[in-house]
Amino acid sequence: IIQVDAPGTVYDRPVNWHVAAFVGDVNLFPASAVALPDGSLLVSANGIDGKVALTGSAVSPGDACCLVLRPEHMRLAASQNLSADHWMSCRVEDRAHLGAQVAYRLRIANGQIVLAQVPAQSPDAGHLPGADILVGFRAADARLLGD
């Protein structure tokens, strides 16, 4: 047993990436971090252009870690906008209507599959397989987790 906690805590604040992957779908990006003078971390993650500034992580610089993003925290768009801090080009591989949600499988430039879920009523729920779009996230929704 790795983590014992309330279900919402285990889902939203897992203690490591193994727990995050065990409870629900998750996007994992192998990463490395550098400490900034203000105590935050500057994270470089495989597949994500640029660096992500994060605060409140228990990961120390130099530790093996992953940037973790839940599918419901991913944003979709035809062009960059203010709904996300970081954007990646992708191609829609698959789309599944799940009632209140539409689930996407997206392939980013490095070949990695990224999962995203958007509300079915959202304008971002209409992207069809084969479309070239952007997938993004807010830094506040990302978690940096170690082994």
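1. Helices and strands here are runs assigned by DSSP, with a strand needing at least two residues, and they are numbered from the N terminus. With that in hand, have a look at Asp141: it sits in the loop that links β9 (132-137) to β10 (143-146). Keep in mind that this is a predicted model.

2. Is Asp141 buried or exposed? Its relative accessibility is 13%, and buried means under 20%, so Asp141 counts as buried.

3. Strands of a sheet pair through backbone hydrogen bonds, and they can do so parallel or antiparallel. In this model, five strands make an open sheet with antiparallel pairing, and the order to trace is β3-β2-β1-β4-β10. β3 (51-54) and β10 are at the edges with a single partner strand each, so one side of each has no neighbour in the sheet. From one strand to the next, the twist averages 45°.

4. Strand β2 (residues 41-45) and β3 run antiparallel and are joined by four bridges. If you want a place to start looking, find Leu42, which stands opposite Ala53 in β3.

5. Last, the aromatic rings. How many aromatic pairs are there? The count comes to zero, where a pair would need ring centres within 6.5 Å.

Note on methods
Residues numbered from 1 in each chain as written. Predicted model: local features only at pLDDT ≥ 70, side-chain atom pairs only at ≥ 80, totals over all residues. Heavy atoms only, no water. Phe/Tyr/Trp six-rings, centres within 6.5 Å; stacked < 30°, edge-to-face > 60°. Buried < 20%, exposed > 50% of the residue type's maximum accessible area, 1.4 Å probe, protein only. Pairing = 2+ DSSP bridges. Axes fitted to C-alpha atoms, helices over the stretch in contact; angles between N-to-C directions.
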